[in-house]
Amino acid sequence: MKPDETLNSIARDVNEINRKNGWNVLTPDDWIDKYKVPAVLALIHSEVSEALEGFRVNNRGNFDEEIADIMIRCLDLCGGLGINIDAEITRKLGKNAARGFRHGGKKL
């Protein structure tokens with residue numbers, strides 16, 4: 001990763017690597033397909049489960065790798081669907097900063 005890279009540019013790199021390796025990459029037109037986006041979300045979920053298992057067995061190396069896999073799969077989805085993730089994260093952080101202390105009244 002280069003110091004001047006954005007998440008959007010990393011997402012483009014992830015898409016390119018995945019295409020070169022023969023994997024299907026989402027496109028903005030896939031948004032209307034009722035199976036493609038949910039399938040990618042299920043793959044993201046599977047990486048989260050693998051990270052949880054790495055934590056459960058106290059395997060920090062595996063945990064760290066699975067966190068990277070989560071990010072890679074999320075960025076693959078963003079790049080494929082044309083989500084400007086840099087702008088969305090900036091917008092969401094601003095929204096979160098304006099919320100009150102432990103907003104929503106939930107325990108966790």
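E53 and R56 both belong to helix α2 and are three residues apart, about one turn of the helix. Helices here are DSSP runs of H or I with at least four residues, strands are runs of E with at least two, and both are numbered from the N terminus. The side chains of E53 and R56 form a salt bridge in which the closest N and O atoms are 2.7 Å apart; the term denotes a side-chain nitrogen of Lys or Arg within 4 Å of a carboxyl oxygen of Asp or Glu. E53 is partly exposed, with a relative accessible area of 36%, while R56 counts as exposed at 61% relative accessibility. Buried stands for under 20% relative accessible area, exposed for over 50%, and partly exposed for the range in between, with a 1.4 Å probe and protein chains only.

The model is predicted: local features need pLDDT of at least 70 and side-chain atom pairs count only at pLDDT 80 or more, whereas totals for chains, interfaces and linings use all residues. Residues are numbered from 1 along each chain as its sequence is written, and side-chain values use heavy atoms, with hydrogens and water left out.

The protein chain as a whole contains four helices and zero strands, so that its elements run α-α-α-α from the N terminus on. Its C-alpha trace spans about 45 × 35 × 35 Å along the principal axes. Of the 108 residues in the protein chain, 24% are buried.

Two packed helices are described by the angle between their axes and the distance between the axes. The axes of α2 (residues 36–56) and α3 (residues 60–81) come within 7 Å and cross at roughly 165 degrees. That makes α2 roughly antiparallel to α3. Axes are lines fitted to C-alpha atoms, for helices over the stretch in contact, and angles run from 0 to 180 degrees between N-to-C directions; under 35 degrees counts as roughly parallel, over 145 as roughly antiparallel, 65 to 115 as roughly perpendicular and the rest as oblique.

Which residues meet between α2 and α3? Among them are V37, V40, L41, I44 and E47 in α2, and F63, I67, I70, R73 and L77 in α3; contact means heavy atoms within 4.5 Å. By class, this contact of α2 with α3 has 14 nonpolar, two polar and five charged residues. Ala, Val, Leu, Ile, Met, Phe, Trp, Tyr, Cys and Pro count as nonpolar, Asp, Glu, Lys and Arg as charged, and the others, Gly among them, as polar.

A search of the whole structure finds six salt bridges. One of them joins the side chains of R73 and E47 (3.1 Å, N to O). This pair links distant parts of the chain, since R73 lies in helix α3 and E47 in helix α2, 26 residues apart. Is E47 buried or exposed? At 8% relative accessibility E47 counts as buried, whereas R73 is partly exposed, with a relative accessible area of 29%.

Another salt bridge joins R91 and E88 (3.2 Å, N to O). Because R91 and E88 are three residues apart in helix α4 (residues 85–97), about one helical turn separates them.

The loop between α1 (7–20) and α2 holds V25. V25 is buried, with a relative accessible area of 12%. Not counting residues up to four places away in sequence, V25 touches N15, N18, R19, D30, D76 and G80.
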